[in-house]
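Biologist: Please show me the model. Then take me through the ligand shell, a pocket and some salt bridges.

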Amino acid sequence: MLTAAFGDLPVPPQKAGLYLHIPFCSAICPYCDFSVLTGGPRERAHFVGLLLWEMCLWEGLPWHFDTIYLGGGTPSALSPAQLGALLEASEQHFAVGESARIFLEANPEDVDRRSLTAWRRLGVRTLSLGVQTFEASGLEFLGRRHSTQQAVRALEEALAAGFDTVSVDLIYGLPGQDEASWRRDLERAVALAPQHISCYQLTVHSGTAFGFRKERGKFQELDSRSQGTLFRLTHEFLRDAGYPGYEVSNFAVSPGHRSRHNQKYWNHVPYLGLGPSAHSFGADRRWWNHRKIGPWRQQLQAGERPIESSETLSPEDHALEALMLGLRTASGVDLRRIEERWGRPLLAANKDLIDLLCEEGLLHLEGSVLVPTLEGWAVADGLAARFEI
Ligand code: SF4
């Protein structure tokens, strides 16, 4: 049985991350591909009870955690008391270190002085605000429920509230977006001086409202050349403003403000995800929960962990993932380390390709570490696929 297969997870050498997926949103944004739903106070209370039960089912997992990430969805849609119950239960059921860093995603419309004070009291140290854009037309296009003024006020108040790190999420590459408009967004974000900024390219997923519009020929995506221009503008502008990129979409004023939790995903450090659609990784296994809340709830009510499926990663899978994820980071990927850890001699097997990619200005080879250039970052996902594993 699947659940039984996870009874023997060894203690990893690194500290793990705990992710709790809170799926509620007041409305569903037309580009959103996450596991989300609207739902009133009763559904939310019921959900919290089930998530607490899911934690009980993992009691005894011999991992030590140093991050707890409340993501979604919109975790700020839960009351501070509900969030507090989840955090308390995390510490009760798992070995969470005293200095664990707690992350909370919030939407600007949920931010006010009271909520900020409550989140600080809960121990939240990194607050991530889903601003997406400061342009009124962009907010309307993206179906967001906050105004430009609300976004600015939320950010100012969050910064004044004393979190270690306040992060702003932005989206670029909207249809018809030009450099001037995206530059205005970056300027406004930087002027408010958060410690961390994430910038994501708009992606149109099938099954979303934008996806349906695209299928009907009613969604004109920005062409790839313009996307590339905006990508370069993002990195150059933020670097010059004191926010060097440490990952393809993430920028921080200093290493201490980088996302300790997200770096676990990129560095093959174990993480446990609870809640619908949440993914987990540990030892050589990856597993994921039911995406839809119905099957997730039914399996929990039957007394089982709500895992939909799992896979065991081969040394080749590990090596390819390490290469793909490493090429998305500023520090790059150490090919000798991959060989030591998973026995795949990437450096020797890809010598000609590496020479070519260096000549093309996409990579540098520093000892055994492959480091992407800005041009390489722009095509990072395609680069790894060219390697022989
Ligand atoms: S607020 Fe975020 S998680 Fe919720 S629907 Fe919009 S994009 Fe999705």
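Modeller: First, the classes: Ala, Val, Leu, Ile, Met, Phe, Trp, Tyr, Cys and Pro count as nonpolar, Asp, Glu, Lys and Arg as charged, and the others, Gly among them, as polar. Note that this is a predicted model.

Biologist: By class, how many nonpolar residues does the shell around the ligand have?

Modeller: The ligand is surrounded by 13 residues. Among the closest are Cys 25, Cys 29 and Cys 32, and Cys counts as nonpolar. Three residues of the shell are polar and two are charged. The nonpolar ones number eight.

Biologist: Which helix gives the most to the lining of the second largest pocket?

Modeller: That pocket has a volume of about 410 Å³. Its lining has 22 residues, with Trp 266 and Arg 337 among the closest to its centre. Domain 1 (3-266) and domain 2 (315-384) each supply at least three residues. With four residues, the top contributor is helix 12.

Biologist: Arg 125 forms a salt bridge with Asp 164. How many residues apart in sequence are the parts this pair ties together?

Modeller: The closest N and O atoms are 2.7 Å apart. Arg 125 lies in strand 4, and Asp 164 in the loop between helix 5 and strand 5, so the pair ties together parts separated in sequence. The separation is 39 residues.

Conventions:
Residues numbered from 1 in each chain as written. Predicted model: local features only at pLDDT ≥ 70, side-chain atom pairs only at ≥ 80, totals over all residues. Heavy atoms only, no water. Near = heavy atom within 4 Å. 1 Å grid on protein atoms, 1.4 Å probe; cavity = no way out; pocket = protein on both sides within 12 Å on 5 of 7 lines; lining within 4 Å. Points joined across faces, edges and corners; volume = space filled by probe spheres on them. Helix = DSSP H or I, 4+ residues; strand = E, 2+ residues; numbered from the N terminus. Domains from an automatic or database assignment. Salt bridge = Lys/Arg side-chain N within 4 Å of Asp/Glu carboxyl O.
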